[in-house]
Amino acid sequence: MSTDTAGTAARDEDPRSGGPADSAFVRACRRLPGPHTPVWFMRQAGRSLPEYREIRANVAMLESCRRPDLVTEITLQPVRRHGVDAAILFSDIVVPVAAAGVDLDIVAGTGPVVAEPVSSADDVARIRPITRDDVSYVDEAVRMLVKELGGTPLIGFAGAPFTLASYLVEGGPSRTHAKTKALMYGDPDLWHALAGRLAEITLAFLRVQVEAGVSAVQLFDSWAGALSEADYRRFVLPHSQAVLAGLADAGVPRIHFGVGTGELLTAMGEAGADVVGVDWRTPLDEATRRIGPERAVQGNLDPCVLLAPWPVVEAEVRRVLEQGRAAPGHVFNLGHGVLPETDPDVLTRVVALVHELSARPADQD
């Protein structure tokens, strides 16, 4: 696959030395040796950074996601500050469904709030497919970032069908996902129609990012851990598979992540990603056993550890790296996102520590 951007995306046929495809991050995703274990953090471009809080002070979340200049600056901030091995596009999982015509807002302190929750076939029919023109600001932001990042890979971003569907059915965040499960169990045809439409939108959204030049993509299924494995396989797996299979020819690594998904890791591995993200509850060596040797793993330091004294942080980083050696490829990350109260200097120290502890001589690459 080619790209018409001025930057260099991490395509299979473009492993030029010093480019994103030859980066430690992409090599780990592809289960290839590299100079060190790569590290980036979910929500690294976010509320823990004072420069982020300053730039977002008077800008609503959805507006900030639709302004290429802000997306570019916010995405670059943690790369500059922490020296992470990858940037992740600053966005929100509801951006594409808003572009598809769903009336919603991201309310501070609450999260996405949907004006008219989905409960009928007519509601699903009103959620239209999206094109690049609908999210042209994302296309523009990615192209700007690829130029700015040079050899640092950029990760594309999207929410998985189940998590998006839960927001749309519940009308906002939910602890129990009761309405979502009631719809799944009570009207499976309507559920699959909704999840199928969201899979199409998610795939189109990620395709826009791939064509603009991202070096990898991550599919976030934040709420999938609310399900049993049987329900996951019946109601979720086919739709996540559709998204990931739709990117099989894209030439970039695909990462799949969920929270509380220890019992789902085998099934999530079957969804078709190249890398499976693991939260902090499951040790990486056990996660690798469940996922299998065909996929790399990403994770999985507990974000709360970063609030502890440095000797505790260091010991936990060492443990995660040691357990990650069981995997055919390991991308160091947190088991979920950076907490707002995290000291950014601790993140910077973690990056340096991971690089130091995992450094490999050039002749071992």
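The structure is a predicted model, in which local features need pLDDT of at least 70 and side-chain atom pairs count only at pLDDT 80 or more, while totals for chains, interfaces and linings use all residues. Residues are numbered from 1 along each chain as its sequence is written, and side-chain values use heavy atoms, with hydrogens and water left out.

A pocket here is an open set of points on a 1 Å grid over the protein atoms alone, where a 1.4 Å probe fits and protein lies on both sides within 12 Å along at least five of seven lines; lining residues have an atom within 4 Å of a point. A volume is the space filled by probe spheres set on the points, which are joined across faces, edges and corners. The largest pocket has a volume of about 1200 Å³. It is lined by 33 residues, and those closest to its centre are Arg43, Arg47, Met61, Asp92 and Ile106. Helix 2 (50-55), strand 2 (104-107) and strand 3 (111-114) are the elements that each give two or more residues to this lining. Helices (H or I, at least four residues) and strands (E, at least two) are DSSP runs, numbered from the N terminus. By class, the lining of the largest pocket holds 19 nonpolar, nine polar and five charged residues. In this scheme Ala, Val, Leu, Ile, Met, Phe, Trp, Tyr, Cys and Pro are nonpolar, Asp, Glu, Lys and Arg are charged, and the others, Gly among them, are polar.

The second largest pocket contains about 290 Å³ of space. Thr37, Gly324, Gly329, His330 and Arg360 are the closest to its centre among its 17 lining residues. Helix 14 (310-324) and helix 15 (344-358) each supply at least two residues of that lining.

Next comes helix 8, in which ten of ten residues are buried (buried means under 20% relative accessible area, exposed over 50%, and partly exposed in between, with a 1.4 Å probe and protein chains only). Glutamate 170 lies in this helix, which spans residues 161-170. Glutamate 170 has no salt bridge, and the nearest side chain of opposite charge, lysine 179, is 5.2 Å away. For this count, Lys and Arg are positive and Asp and Glu negative, whereas His and the chain ends are not counted. A salt bridge is a side-chain nitrogen of Lys or Arg within 4 Å of a carboxyl oxygen of Asp or Glu. The side chain of glutamate 170 does reach the backbone nitrogen of alanine 178, at 3.3 Å. Just after the helix, glycine 171 takes a positive phi of about 90°.

Salt bridges do occur in the model, and 23 are found in the whole structure. Side chains of opposite charge can pair when their charged atoms come close. Arginine 126 counts as exposed at 53% relative accessibility, whereas aspartate 123 is buried at 12%. Arginine 233 forms another with glutamate 270, at 2.7 Å between the closest N and O atoms. This pair links distant parts of the chain, with arginine 233 in helix 11 (residues 229-245) and glutamate 270 in helix 12 (residues 265-270), 37 residues apart.

Terms used: Polar contact = N/O pair within 3.5 Å; in protein donor to acceptor, adjacent residues only side chain to side chain.
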